[in-house]
Amino acid sequence: MNIKNSIFALLVCVFAASSLASSGLEGQPAPDFALKSSSGANLRLSEYRGDVVMINFWATWCGPCRQEMPLLDELFTRYQRVGFNLLGVNIDDDSRRAMKMIDELGVSFPVLFDARKEVSKLYEVEAMPVTVLVDREGRIRHVHHGYKPGYEEKYLDQIRSLLRE
Amino acid sequence: MTKTLISLAAMAMLAISISVAAQDVAPLNADAAMAAAMSAQASESESRDQFRSLDQDVQTLKKEVLDLNRDLFLLEEELLFPANSQVAFFISMDVGEYFELDSVNIKIDGKEVANYLYTAREADALIRGGVHRVHMANLKTGDHELIAIFTGKGPHVRDYRRGATITFDKGIGAKYLELEITDRVKKQQPEFVIKEWE
């Protein structure tokens with residue numbers, strides 16, 4: 001019985017680890033959406049087809065997001081001219097708080113407001129931050145849940161390889 | 001002394017025989033190199049042909065996938081929206097000098113069915129004469145109320161929000177409604193009209 005239980009526990013652990021490591025969205029076409037941006041313009045994901053797009057879901061109450069955003073902005077300013085775009089999707093109920101944080105951090109990439117949480121549902125966002133990389137064909141290639149120092153190196157490698165395709 | 005002479009003569013003979021052998025081998029090596037080059041060329045052209053045919057196969061497969069995708073899309077539409085109960089709503093824009101479209105919200109019989117945000121490109125396409133199918137639905141025969149709320153920038157770049165309502169009769173067969181945004185030059189205001197396509 002004990003052996004059975006331990007095998008079951010092991011299987012559960014393996015399943016949990018594999019589900020964390022890879023998201024079911026990877027390889028799927030990126031769901032299209034349009035949202036109001038910090039500049040006032042409406043932006044639609046499908047209009048960026050042909051470019052590599054990073055979608056970063058964030059919130060003002062999320063500490064790692066605050067840590068990660070300036071680093072993402074560096075990637076954006078560095079690779080924007082070679083076909084890389086970054087869309088920050090804020091999920092706060094009140095967009096004014098997000099605007100304040102954008103000003104504080106001085107990030108230059110477009111930030112979209114998903115106050116109705118429709119887009120975060122489409123992308124199965126269950127943690128903060130979530131970073132999704134979409135290739136030139138509009139397919140989700142990488143999904144990262146959370147942020148830890150050093151993840152930016154991973155992002156850099158993945159962006160460079162997607163840009164080369 | 002004689003031994004030394006004999007060994008010197010032997011060495012000279014050996015050297016001569018080696019040089020003769022080398023002369024014999026040299027043309028053989030050139031032939032082999034030529035043959036190798038020719039076979040490499042042949043294999044290169046063969047691999048190029050193979051690559052070309054593979055490319056053609058990929059193109060054919062791509063076309064088949066696209067055709068299949070189109071057929072599936074049409075089939076899905078036919079199944080989901082049968083012609084008898086189908087209602088489609090279109091947005092069009094004429095001139096657009098007094099109104100910069102931002103979004104359209106559509107309610108049928110008090111229930112929100114569509115909320116579409118227009119990007120600058122999409123709004124520009126409408127001004128250039130494009131027509132956008134904003135929503136498609138299945139409705140029972142009878143009277144239905146449509147409320148369309150348009151938001152955007154009005155004259156003097158002010159926030160603008162206007163609604164238009166129509167009660168339409170859904171008979172047997174598909175129904176098409178056009179929500180048209182036009183400029184009323186006299187009043188310098190935009191106008192929102194809902195038209196039924198015959």
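Modeller: What follows is a walk through the contact between the chains, and then through some salt bridges and a surface patch away from that topic. This is a predicted model, in which local features need pLDDT of at least 70 and side-chain atom pairs count only at pLDDT 80 or more, while totals for chains, interfaces and linings use all residues. Residues are numbered from 1 along each chain as its sequence is written, chains are lettered from A and ligands numbered from 1 in the order in which they are written, and side-chain values use heavy atoms, with hydrogens and water left out.

The contact, meaning heavy atoms within 4.5 Å, draws 10 residues from chain B and 8 residues from chain A. Between them, chain B and chain A bury about 740 Å², of which 35% is on carbon and sulfur atoms; buried area here is the accessible area (1.4 Å probe) that two parts lose on being put together, summed over both. On the side of chain B, the residues that lose the most area to chain A are L117(B), T119(B) and R121(B), which together make up 59% of what that side buries.

Turning to polar links, the rule finds 8 residue pairs in polar contact across this interface, both residues being at pLDDT 80 or more. A polar contact is a pair of N or O atoms within 3.5 Å; within protein, one must be able to donate a hydrogen and the other to accept it, and residues adjacent in sequence count only if both atoms are side-chain atoms. Two elements of chain B, β3 (111–117) and α2 (120–127), each supply at least two residues of the side that touches chain A, and the largest share of that side, 4 residues, comes from β3(B). Such helices (H or I, at least four residues) and strands (E, at least two) are DSSP runs, numbered from the N terminus.

The interface of chain B and chain A also holds 3 salt bridges by the rule, where a salt bridge is a side-chain nitrogen of Lys or Arg within 4 Å of a carboxyl oxygen of Asp or Glu. In one salt bridge, the side chains of R116(A) and E112(B) meet at 3.4 Å, N to O. In another salt bridge, K36(A) and D102(B) meet at 2.5 Å, N to O; K36(A) lies in strand β1 (residues 34–36) of chain A and D102(B) in strand β2 (residues 100–108) of chain B, so this pair joins two chains. With a relative accessible area of 29%, K36(A) is partly exposed, whereas D102(B), at 17%, is buried; buried means under 20% relative accessible area, exposed over 50%, and partly exposed in between (1.4 Å probe, protein chains only).

Over all chains the structure holds 20 salt bridges, including one between D67(B) and R70(B) at 3.9 Å, N to O. D67(B) and R70(B) both lie in helix α1 of chain B, 3 residues apart, about one turn of the helix, and salt bridges that share partners join K63(B), D67(B), R70(B) and D71(B) into one network.

L79(B) is likewise found in helix α1 (residues 2–80) of chain B, and at 65% relative accessibility L79(B) counts as exposed.
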